Amino acid sequence: MTLTDFARRVTGSGTCADTGSGAAGPGAGAAPGATGRPPAPTPVADADAVVSRAVGREADGLAVASFVLGLVGLLVFNVLLGPTAIVMALLALARRTRRRGRALLGLALGVADLVVLAVLVTGNGAVAWDFGG
């Protein structure tokens, strides 16, 4: 389904099987406007709303992903997951997510991942770290 089909279906301006009216009725082969109704306006506002909802959903997903990656990065792969969580949180904040708190928490956890890595590496003197003696 394309964006115009979706807009037509939402506004109810289509005369096909989507709306269930006018497909085989009177004026099925007539020109637009011949049925007595004015032609439907172009759904530019609806298309913009659909696009903004999709971008908002994507930004919310980035915020949640940054939180999860930052949290998991505290335990394993913090050299990889920490910077990834930071980048995803910054992208979510730049795209104006509705989950701003979760994005900020993902940013803080990503920074904490790098701090934990720095502390454990300086204690062991190697890039690999372990909790054993």
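## Ground rules

Residues are counted from 1 along each chain as its sequence is written, and side-chain values rest on heavy atoms, with hydrogens and water left out. Since we're looking at a prediction, local features need pLDDT of at least 70 and side-chain atom pairs count only at pLDDT 80 or more, while totals for chains, interfaces and linings use all residues.

## H3 against H4

Let's start with the helix pair. Helix H3 spans residues 78-94 and helix H4 spans residues 100-124; helices here are DSSP runs (H or I, at least four residues), numbered from the N terminus. The two pack at an angle of about 155 degrees, with axes 8 Å apart. Those axes are lines fitted to C-alpha atoms over the stretch in contact, with angles running from 0 to 180 degrees between N-to-C directions. That makes H3 roughly antiparallel to H4 (the label for angles over 145 degrees). The crossing of H3 past H4 is left-handed, meaning that the near helix is turned anticlockwise from the far one by less than a right angle.

What meets what in this pairing of H3 and H4? On the H3 side, the contacts (heavy atoms within 4.5 Å) include Leu81, Ala85, Ile86, Ala89 and Leu93, and on the H4 side Arg100, Ala103, Leu107, Gly110 and Leu114 are among them. The contact of H3 with H4 divides into 16 nonpolar, four polar and two charged residues. In that tally Ala, Val, Leu, Ile, Met, Phe, Trp, Tyr, Cys and Pro are nonpolar, Asp, Glu, Lys and Arg are charged, and the others, Gly among them, are polar.

## A closer look at H4

H4 runs to 25 residues and reaches 36 Å from first C-alpha to last, close to the 36 Å expected at 1.5 Å a residue (1.5 Å times one less than the number of residues). Its buried residues (under 20% relative accessible area, 1.4 Å probe, protein chains only) are Ala103, Gly106, Leu109, Gly110, Asp113 and Leu117.

## Two loop residues with positive phi

Phe77 sits in the loop between H2 and H3, and its phi is positive, about 50 degrees, although it is not a glycine. Phe77 counts as exposed because its relative accessibility is 60% (the cut-off is over 50%).

Arg96, in the loop between H3 and H4, is another non-glycine with positive phi, near 55 degrees. At 74% relative accessibility, Arg96 counts as exposed.

## Asp60 in H2

Asp60 belongs to helix H2, residues 44-73. Is Asp60 buried or exposed? Its relative accessibility is 7%, so Asp60 counts as buried. Leaving aside residues up to four places away in sequence, Asp60 touches Thr97, Arg98 and Arg99.

Notes. Parallel < 35°, antiparallel > 145°, perpendicular 65-115°, else oblique.
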